[in-house]
Amino acid sequence: MPELPEVETVRKGLLDFLPLKINKVERTPELASILKTEEFSLKGLTISSLERKGKVLIFHLGNGKTVVSRFGMAGSWEVSEEKNKKKHNHLQLHCTSSQGAVFLSYVDARRFGKMHIGYQEVTKRELAKVGVDVTTEEFNEKVLRDIFKKYPDRQIKPLLLEQEKLAGIGNYLACEILAHCKVRPTRRCKTITKEETKKMVWATKKVVSESIEKNGLTFTKTTGYRDVLGNAGEFFDGLVVFRQKLCKMCGDGPVKKIVLATRGTFYCPQCQK
Ligand SMILES: [Zn+2]
């Protein structure tokens, strides 16, 4: 599932092609289950800039018009010189870019992604559902402490995944962040100390920035997340507990896998208390 670093990598990849003038729009009937708002046609409009909040990508088309895109489980934006003939390509935009004619496609095999094509009100409404982006300066110890105070009995790991509280963290990031700040994923918020909270902010910034640096995470060579040109992310070697057998922090602790709020959760019982 694309998390903040993967969405940021897609955003950066698309920047190379801006401005992108949309000359023609092709769509499948299945797009209807992804496209939740459609206030105007994209034909003739130009994507002039791109913004990201958490895992949400925002395309600016001028005059307050935007496309707000959530990738869901497996959605992605792809750029190609040839027409993109992938089966799950639900929206194909024929564009003139800064690098010549290209096709910009939204490919989503699972169709859990969501898209809104709308004016400022729609953008505002959608972004209001998203909490503090963990790459911004607004994300600090106080933000975490306030959340912990509000939900003292909740377990920390499922809470980190809730986008309306903190934006950008998904399953692998949450496991890695908790490993680096040595907090067990099952801990109740009220038990997390001031020192641990401070470390959690540090660990979040560290893991997220390192993953962005490596263009995000791709698990397998054949499937999973790709950037706009089809390249895999290379953060896999940076993982210390997620899908690991041995903890890479202590070097010898066997990593334990549990299921927490339906998500596979990895931690080192030796390092994380
Ligand atoms: Zn360990």
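The model is predicted: local features need pLDDT of at least 70, side-chain atom pairs count only at pLDDT 80 or more, and totals for chains, interfaces and linings use all residues. Residues are numbered from 1 along each chain as its sequence is written, and side-chain values use heavy atoms, without hydrogens or water.

Figure 1. A cavity is a set of points, on a 1 Å grid over the protein atoms alone, where a 1.4 Å probe fits but cannot get out. The largest cavity has a volume of about 50 Å³, a volume being the space filled by probe spheres set on the points. Its lining residues (an atom within 4 Å of a point) include Ile22, Phe59, Trp77 and Met115. The lining divides into ten nonpolar, no polar and no charged residues.

**Figure 2. The cis peptide bond at Pro19****.** The bond from Leu18 to Pro19 has omega near -10 degrees. Pro19 sits in the loop between helix H1 (4-15) and strand E1 (20-27). Helices (H or I, at least four residues) and strands (E, at least two) are DSSP runs, numbered from the N terminus.

**Figure 3. Positive phi at Asn215 and Arg243****.** Phi is near 60 degrees at Asn215 and near 55 degrees at Arg243. Asn215 lies in the loop between helix H6 (194-213) and strand E13 (256-260); Arg243 also lies between H6 and E13. Asn215 is partly exposed, at 34% relative accessible area. Buried means under 20%, exposed over 50%, partly exposed in between (1.4 Å probe, protein chains only).

Note on methods
On a 1 Å grid over the protein atoms alone, a cavity is a set of points where a 1.4 Å probe fits but cannot get out, and a pocket is an open set with protein on both sides within 12 Å along at least five of seven lines; lining residues have an atom within 4 Å of a point. Ala, Val, Leu, Ile, Met, Phe, Trp, Tyr, Cys and Pro count as nonpolar, Asp, Glu, Lys and Arg as charged, and the others, Gly among them, as polar.
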